[in-house]
Amino acid sequence: MVIVFVVLVLAVMVTANWYVWRRLFRDTTSGPGWVRRAGAALIAGGWLMAFGALLAERTGAPFWLQRVLAWPGFLWLALSIYLLLGLLAGEAVRPLLRRRLERRRPAEAPVRQAEPEPVPAGGAPVTPEREGSSLLVAAPSRRLFVSRVIGGAAAAAAVGTVGIGTYGVLNGPSVKRVTVPLAKLPRAAHGYRIAVVSDIHLGPVLGRGFAQRVVDTINSTQPDLVAVVGDLVDGSVKDLGPAAAPLRQLKAPAYFVTGNHEYFSGAEQWVEEVRRLGLLPLENARTELPWFDLAGVNDIAGESEGQGPDFAKALGDRDRARACVLLAHQPVQIHDAVKHGVDLQLSGHTHGGQLWPGNLVAAGANPTLAGLERYGDTQLYVSRGAGAWGPPTRVGAESDITVIELASRQA
């Protein structure tokens, strides 16, 4: 079954890339030549870099190699998506443009040969010079013209989309503010602010400078508490420890739970590293703050290492008369949160889809894609995340740090 799936995926990818090559390079040139060969090399090389970047990250290849492959490989991954979408959209325009040209332009003049000059007595025939002769050269076909217009427009749109989306990520996350009323929250805690940050994804692309922007943004909101809800890193402590160092500068008490990517990167080592940086990991644990309980559970990916979420351990013996805020990386953990009487779950993981139309896929795989929703007596807030995984690009899913302001109904 797995082999069938892999073959199907490969067939789809090969077909899609052949289509992109055909529309961008074959249909826009009048014959075989270096442009078509360069196009084939560009597409094949881009995908080799993309697969190489993914493989290098997962296998723990030397960090310098990860950095060499990551930028071109991941950017090509994003660019190829929007090239394909742009060219597919162009199929709807193609016949309309051709018909419009047929109505507005006269039929192309056929190529005709100039009549030979008379031969002077005792001399050779006189032939017209190439420039200024009466030879008529046929104009490029309408089909070629339309292909060039659509191909150029699709390429420009793809480059612009990826460029703007990448600038948005590198510029740092925006601040989003959401008020969440909790029935059990005492009046003294009204207005308590929790800065929620998820999916920073420090790695070969987003490094120490990006971490510093995230920390500075969090500190600027002056929260009472910081919740780092998973997927902090994509790599080992050895490679990324210096990149995560700015977390030491967080001014408010900070708590951390693992995401699925921590289990690709050495979760135990990262738990100890964030502890060294001053954050308190909540590994299926709870701390009783003055006005509410703050709990955290490990990510589902930890089950493969015997370190999965344990809601009973984190929440089983608590006083349910107190309000409870739970940190859990994946929104799908909301169902266990409801069973254990949690008032508010804070999550990430989805990236809001990150690259449109990826939001359609992410929405199907998660109960909530982004924002605040209610499940019985439990509310779930899902952040779109501060960074990006794979391509350092977001389209239709702006990165954010959310300041949750708790509101007491007793106030």
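Reader: Anything to know before we start?

Author: This is a predicted model, in which local features need pLDDT of at least 70 and side-chain atom pairs count only at pLDDT 80 or more, while totals for chains, interfaces and linings use all residues. Residues are numbered from 1 along each chain as its sequence is written, and side-chain values use heavy atoms, with hydrogens and water left out.

Reader: OK. What is the strand order in the open sheet of 6 strands?

Author: The order is β1-β12-β2-β3-β4-β5, and the pairing is mixed. Helices (H or I, at least four residues) and strands (E, at least two) are DSSP runs, numbered from the N terminus. Two strands pair if DSSP finds at least two bridges between them.

Reader: Which strands stand at the edges?

Author: β1 (174-182) and β5 (280-281) do. Each has a single partner strand, so one side of each is left without a neighbour in the sheet.

Reader: How do β2 and β12 run, parallel or antiparallel?

Author: Antiparallel: 4 bridges join β2 (residues 193-197) to β12 (residues 400-408). Arg-193 stands opposite Glu-405 in β12.

Reader: And β3 with β4, parallel or antiparallel?

Author: Those two run parallel, joined by 4 bridges. Val-228 stands opposite Phe-256 in β4. Between these strands the chain crosses through α6, and this β-α-β crossover is right-handed. Right-handed means that, with the strands pointing away from the viewer, the path from the first strand over the helix to the second runs clockwise.

Reader: What about β4 and β5, how many bridges?

Author: They pair in the parallel sense over 2 bridges, and Tyr-255 stands opposite Leu-280 in β5. With α7, these strands make a right-handed β-α-β unit.

Reader: Which way do the side chains of β4 point?

Author: Ala-254 and Phe-256 point one way, Tyr-255 and Val-257 the other way, and all are buried. Buried means under 20% relative accessible area, exposed over 50%, and partly exposed in between (1.4 Å probe, protein chains only). In a regular strand the side chains alternate between the two faces of the sheet.

Reader: New topic. How many residues are in the largest nonpolar core?

Author: It has 39 residues, and those with the most contacts inside it are Val-197, Leu-202, Val-226 and Leu-279. A nonpolar core is a set of buried Ala, Val, Leu, Ile, Met, Phe, Trp, Tyr and Cys residues joined through side-chain atoms within 4.5 Å.

Reader: Which element gives the most to this core?

Author: α5 does, with 5 residues. Elements that each supply at least two residues include α2, α3 (63-104) and β3 (225-229).

Reader: What is Val-226 in contact with?

Author: Leaving aside neighbours within four places in sequence, its contacts (heavy atoms within 4.5 Å) include Ala-195, Val-197, Ile-218 and Tyr-255. There is also a second, separate core of 25 residues, which includes Leu-182, Leu-225, Ala-323 and Leu-406.

Reader: Which strands does β9 pair with?

Author: β8 (residues 324-327) pairs with β9 in the parallel sense over 3 bridges. β9 and β11 (residues 378-382) also pair in the parallel sense, over 4 bridges. Leu-344 is the bridge partner of Val-325, and in β11 the bridge partner of Leu-344 is Gln-379. β8, α9 (residues 334-339) and β9 make a right-handed β-α-β unit.

Reader: Last topic, rings. How many aromatic pairs are there?

Author: A search of the whole structure finds 3. Rings of Phe, Tyr and Trp (its six-membered ring) pair if their centres lie within 6.5 Å; planes under 30 degrees apart count as stacked, over 60 as edge-to-face and the rest as tilted.

Reader: Why is the pair of Trp-47 and Phe-51 called tilted?

Author: Their centres are 5.7 Å apart and their planes are at 35°, so the pair is tilted. Both lie in α2 (residues 34-59), 4 residues apart, about one turn of the helix. Trp-47 is buried, with a relative accessible area of 16%, whereas Phe-51 is partly exposed at 44%.

Reader: And why is the pair of Tyr-192 and Phe-292 edge-to-face?

Author: The centres of their rings are 5.3 Å apart and the planes are at 85°, so that pair is edge-to-face. It links distant parts of the chain, with Tyr-192 and Phe-292 100 residues apart. Phe-292 is buried, with a relative accessible area of 0%. Ring pairs link Tyr-192, Trp-291 and Phe-292 into a cluster.
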